[in-house]
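Me: I would like to go through this model with you. Could we begin with its overall contacts and then move to the details?

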Amino acid sequence: MAGQSGRKGHIVIENVSKIFARGDMNSTLVALKNIDMEIMPCEFVSIVGASGCGKSTLLRVIAGLETTTVGNAMCDGKTITGTDPRRGLVFQENALFPWLSVRDNISFGLRATKKYELGKKLVDDLISMAGLSEFSNSYPHHLSGGMRQRAALARALAVSPDVLLLDEPLGALDSFTRMNLQDEMLNLWHERGNTMILITHDVDEAVYLSERIYVMSPRPGMIVDEISLPMSYPRNRGASDFMDIRNAILRKLHFAREDSQEYNL
Ligand SMILES: Nc1ncnc2c1ncn2[C@@H]1O[C@H](COP(=O)(O)OP(=O)(O)OP(=O)(O)O)[C@@H](O)[C@H]1O
Ligand SMILES: [Mg+2]
């Protein structure tokens, strides 16, 4: 089952809680509490929340890198029990293997699936799409931060994931590079139609990119709001509806923090 459209990349999170053991203190930490979400195939969804509220933990559950303590995470009707190339993950930084060239980084997943020969043209296309043709044989430390993130996105896309999980992929970049890459992410999404799940601290980024935004409370991480964004793309960051939604989300984050027992920002 892959949602009503028949396309893949349908994520359902049912009453998920995650409790970590605090080894040093012989106590526990509730990172996620009663999370319910449904993300449709090809949808672009963002998750915003204060630092430490459990965003990465939630994404790692969807990636299959973390188990749930309670509840169930499913992709296309099947419980997620481990990682799967159909769910690609891009981290904030250090996402590339430093000992591999740009080309080898991007083709890494294809090599692992023994589809490299079939995928050679795809890798060339991705290198060119990422604007890295002149740097395909360079190593990550020879690239700028923006180039590294473009290469990391290209690497995640090489295996054609149904779901792209993006954990602050642009977090370390200056605002100008960031805005350019936001447009590139939108182009990619429109071309490929993957389900996109983006974690960001940047509310403007979430409003610029997403069809829907989940707002999380500070620890324990719960979903405190879900906002649908009806504006068409490309969006105008200065438009009044853009600013209204942005301000409403900032207020939500502020109140969620005020209501919280803990101070996490
Ligand atoms: N493997 C782990 N063992 C124990 N505690 C963990 C583990 N991973 C995360 N935590 C705790 O769970 C909470 C949520 O962490 P998480 O990394 O998901 O937050 P986040 O919202 O992604 O924060 P940030 O915005 O700073 O990246 C934190 O208090 C963190 O210390
Ligand atoms: Mg995080």
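Me: What share of the contacts with a separation of 6 or more comes from residues 24 or more positions apart?
Reply: Such residues account for 70% of those contacts in the protein. Two residues are in contact if their C-beta atoms, placed from the backbone, lie within 7 Å. Please note that this is a predicted model, in which local features need pLDDT of at least 70 and side-chain atom pairs count only at pLDDT 80 or more, whereas totals for chains, interfaces and linings use all residues. Residues are numbered from 1 along each chain as its sequence is written, and chains are lettered from A and ligands numbered from 1 in the order in which they are written.

Me: How many helices and strands does the protein have?
Reply: There are eight helices and ten strands. These are DSSP runs numbered from the N terminus, helices being H or I with at least four residues and strands E with at least two. The radius of gyration is 19 Å, close to the 18 Å that the globule rule gives for 265 residues, so the protein is as compact as a globular protein of that length. That radius is taken over C-alpha atoms, and the rule is 2.2 Å times the number of residues to the power 0.38.

Me: What percentage of the residues is buried?
Reply: Of the 265 residues, 40% count as buried. A residue is buried if 20 or more other C-beta atoms lie within 10 Å of its own, exposed if 12 or fewer, and partly exposed in between, with C-beta atoms placed from the backbone.

Me: Which residues have the most contacts inside the largest nonpolar core?
Reply: They are Ile62, Ala154, Leu165 and Ile197, in a core of 64 residues. Helix H5 (residues 145–158) contributes the largest share of this core, seven residues. Such a core is a set of buried Ala, Val, Leu, Ile, Met, Phe, Trp, Tyr and Cys residues joined through C-beta atoms within 7 Å. Leaving aside residues up to four places away in sequence, Ala154 touches Ile106, Leu126, Ile127, Met129 and Ala130.

Me: Turning to ligand 1, which element gives the most to its shell?
Reply: Helix H1 does, with three residues. H1 (55–63) and strand S2 (27–39) each supply at least two residues. Among the surrounding residues are Phe20, Gly49, Lys55, Ser56, Thr57 and Arg219; a residue is near a molecule if its C-beta atom, placed from the backbone, lies within 6 Å of it.

Me: And which residues of H1 are buried?
Reply: Lys55, Leu58, Leu59, Val61, Ile62 and Ala63 are buried. After H1 comes Gly64, whose phi is positive, near 90°.

Me: What is the strand order in the open sheet of four strands?
Reply: The order is S2-S1-S4-S5, with antiparallel pairing. S2 and strand S5 (78–79) are the edge strands, each pairing on one side only. Two strands pair if DSSP finds at least two bridges between them. Strand S1 (residues 11–22) and strand S4 (residues 70–75) are joined by five bridges, and Val12 stands opposite Met74 in S4.

Me: Are S6 and S7 parallel or antiparallel?
Reply: S6 and strand S7 (residues 163–167) pair in the parallel sense over four bridges. Gly88 has Leu164 as its bridge partner in S7.

Me: Lastly, is Asn236 buried or exposed?
Reply: Asn236 counts as exposed because it has 11 C-beta neighbours inside 10 Å. Asn236 lies in the loop between strand S10 (223–228) and helix H8 (240–259).
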